[in-house]
Amino acid sequence: MYFGISEGIFPDAFKTVSVIPLHKNGSKSDPNNYRPISILPTLSKIIERHISTKLLSFLTKHNVIESIQSGFRKSHSCCTALINLIDKWLKDVDGGKYVGAIVLDLKKAFDLVDHDMLLPKLDLHHFSTSALHLVKSYIYVL
């Protein structure tokens, strides 16, 4: 088995996953009360962590991520996102503005990412050819 991050290849063997159902709450006889947990090979997780670190560094360096973005960032959480949001609302209310909110449940947002649209967007942000190949190799079984 040959692979290399710099060559843009994520081996299919590292994508082999065991899925186990984890009970969330409610009746154990209702399948909707379970969420799938994917168990990936350890080496796969190490490579994913390395890629994630490099990706976040690239996105931060090139100002792709908004400064108030909280998801997937060190020292940021749901709490920091809410604090920023409430602070903005209070400033607007103090300034005589109206504040409204539309709340969406995005718990399965990652499942909705259109992979065919993701790659061209990464290309627009000047990802290298090998990085694009790596993402494509990771997402799809080639």
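You're looking at a predicted model, where local features need pLDDT of at least 70, side-chain atom pairs count only at pLDDT 80 or more, and totals for chains, interfaces and linings use all residues. Residues are numbered from 1 along each chain as its sequence is written, and side-chain values use heavy atoms, with hydrogens and water left out.

**The whole chain**

Start with a cartoon view. You'll find four helices and two strands, and from the N terminus they come in the order β-β-α-α-α-α. Helices (H or I, at least four residues) and strands (E, at least two) are DSSP runs, numbered from the N terminus. The radius of gyration is 20 Å, well over the 14 Å that the globule rule gives for 142 residues, so the protein is more spread out than a compact globule. That radius is taken over C-alpha atoms, and the rule is 2.2 Å times the number of residues to the power 0.38. Of the 142 residues, 13% count as buried.

**Helix α4**

Next, select residues 129-139, which are helix α4. Which of its residues are buried? They are L132, L134 and S137. Show what surrounds them: these buried residues pack against α1 (42-61) and α3 (115-124), going by contacts, meaning heavy atoms within 4.5 Å.

**A pair in α1**

Now for salt bridges, each a side-chain nitrogen of Lys or Arg within 4 Å of a carboxyl oxygen of Asp or Glu. The structure holds four. Select E48 and K45, whose closest N and O atoms are 3.3 Å apart. Both sit in helix α1, three residues apart, about one turn of the helix. E48 counts as buried at 16% relative accessibility, while K45 is partly exposed at 44%.

**Two pairs in α2**

Move on to helix α2, residues 78-94. D87 bridges to K91 with closest N and O atoms 3.3 Å apart, and the two are four residues apart. D87 is partly exposed at 36%, and K91 counts as exposed at 56%.

Then pick K88 and D92, another salt bridge, with 3.1 Å between the closest N and O atoms. About one helical turn separates K88 from D92. K88 is partly exposed at 48%, but D92 is buried at 16%.

Conventions. Buried < 20%, exposed > 50% of the residue type's maximum accessible area, 1.4 Å probe, protein only.
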